[in-house]
Amino acid sequence: MEDCLQGSEGSSGLGDRPFASKAHEPCSKPGLLYDARMREHENEGNPSHPESPDRISRIWSLLRERGLVERCCLVEAREATKEEILKIHSEEHYVTMETTREKSTEELREMARDYNSVYLHKLIFPCALLAAGSVIEMTEKVLQGKLPSGVTVVRPPGHHAVTEKCMGFCIFNSVAIAAKVAIDNHNISRILIVDWDVHHGNATQEQFYDDKRVLYFSLHRYDNAMFYPKSTAAGPTHMGGVSAKGYNVNMAWSGKMMGDPEYLAAFHHLLLPIASEFNPELVLVSCGLDAAKDDPLGRYHVSPVGYAHMTHLLRGLAGGKMVVAHEGGYNLKSISESMAAIVSVLLGDPLPCLPDKMVPNDDAVDCIRAVVSAQIPYWKSLRIFGSVGAKEMQYFDNSPDFEEPESHDQTQESRDRSGDVGGASGGNEDIGDSLLSNLREMAIGETMMFAVTPKSDCEHLTTLSPKPLPPDIASHRSILLSNYKKWI
């Protein structure tokens, strides 16, 4: 391990003392941060609460056991300043949390009743400051060129903590604060936040909804707004405020349980095209690991191998400048294995192989298509990943009258003009023009077309006359996608 950022002498196997930055020279290895002081808040009334101190210590223990800690550059944790917290949160919220240090256990329980899914402890305020400050510290070291990337093993999590109050186990939104510090202090104007916690990061969405400097991409279990935080704002049509349309992307999963094939399909067909077009200067990962296999809350099936591949794909963005901040995740074995896989990838270890068959389930395909359909007016890179493939899109681009994707109202008007049924015979439109028009609509996920072969003894065949087809129309015959039916 390089000695530019190394552990302080006398730290125990679990890192009971914070690590100290020894020098200021750059380190070629990823940064790693853990401080056992973040174990100090716990649910005294319910020791089995899923957001437990063991979440971070078990991760750290496995990282040490596998020799990953000693291969990284270790970074000292610090508390966030009040000024840093107030970049995202209200002063009232900060002061309210500050008072928890002086309250009795019973007073804290009473106070917690005012919040959604939160428990409070007399040490939760300094722990939350440590979590936020640690993510900020790692982010600044990456932006200063002292580290290529970094991982922070912190708690409590943050992405549910809205501006004026805590929520969902979260006190301060560490990743959002780090992003705002990067914008304000480091002249960064394009930050990608990838949130793969199984729960939607409602706070992060809210805090950057009108800010084009931050592209927020969340992959989360949605179940038609029936999964926590149970809000339709987590759906695919919530795409950003008036001045930032397209800069909020909700990969909202509904239906079957999702795993590696589904998450990686979303990466390849949605996240990477949009992120590459956005061209971020920094990637922040809200690294909830509760979509992992056997998580008691998420119940999804993402494996350590899946997390490794997602991390690997993100390394190709922003020149590799990436900070991974631990969020949720409640199966101790799963989160430890998954975080070890992430750290291993950042160290440059060989990528583990995926299973032979990686086919996303039908519900996932529908969910991805819904997001593509919503986002395609705002991202040119999505046009080739709509309902048709690259060859078909090339056909559109070579057509003299091919235009940019229309609004949903415009595409509905085009459907009305051609008719929803019998488009070839319901008016004066030539069948070739009709097919081409329908294919264009399929490119933006707004229609479906079926080719029908009539029976040879059909009594209506004598009333039809042959019509020429557009060039290469045969290549389009197998396209049977999207939500609207067209019968030709």
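I started with strand β10, residues 322–326: 5 of its 5 residues are buried, so the strand is largely enclosed by the rest of the structure. I am working from a predicted model.

Next I checked the two faces of β10. On one side I found Met322, Val324 and His326 buried.

Which strands pair with β10? I found strand β5, residues 149–153, pairing with β10 in the parallel sense over 4 bridges. Here Thr152 has Ala325 of β10 as its bridge partner. Strand β9, residues 282–287, also pairs with β10 in the parallel sense, over 5 bridges. In that pairing Cys287 stands opposite His326. I then followed the chain from β9 through helix α9, residues 304–314, to β10. This β-α-β crossover is right-handed.

I turned to the largest nonpolar core, which has 121 residues. Which of them touch the most other members? I got Trp196, Leu219 and Trp253. Helix α5, residues 124–143, gives the most to this core, with 12 residues. My general note: in soluble globular proteins, nonpolar side chains tend to be buried together.

Last, I looked at how α5 packs against helix α6, residues 174–186. Their axes are 9 Å apart, at an angle of about 40°. I logged the crossing of α5 past α6 as right-handed.

Key. Residues numbered from 1 in each chain as written. Predicted model: local features only at pLDDT ≥ 70, side-chain atom pairs only at ≥ 80, totals over all residues. Heavy atoms only, no water. Buried < 20%, exposed > 50% of the residue type's maximum accessible area, 1.4 Å probe, protein only. Pairing = 2+ DSSP bridges. Right-handed = clockwise from strand over helix to strand, strands pointing away. Core = buried A, V, L, I, M, F, W, Y, C linked by side-chain atoms within 4.5 Å. Axes fitted to C-alpha atoms, helices over the stretch in contact; angles between N-to-C directions. Left-handed = near helix turned anticlockwise from the far one by under 90°.
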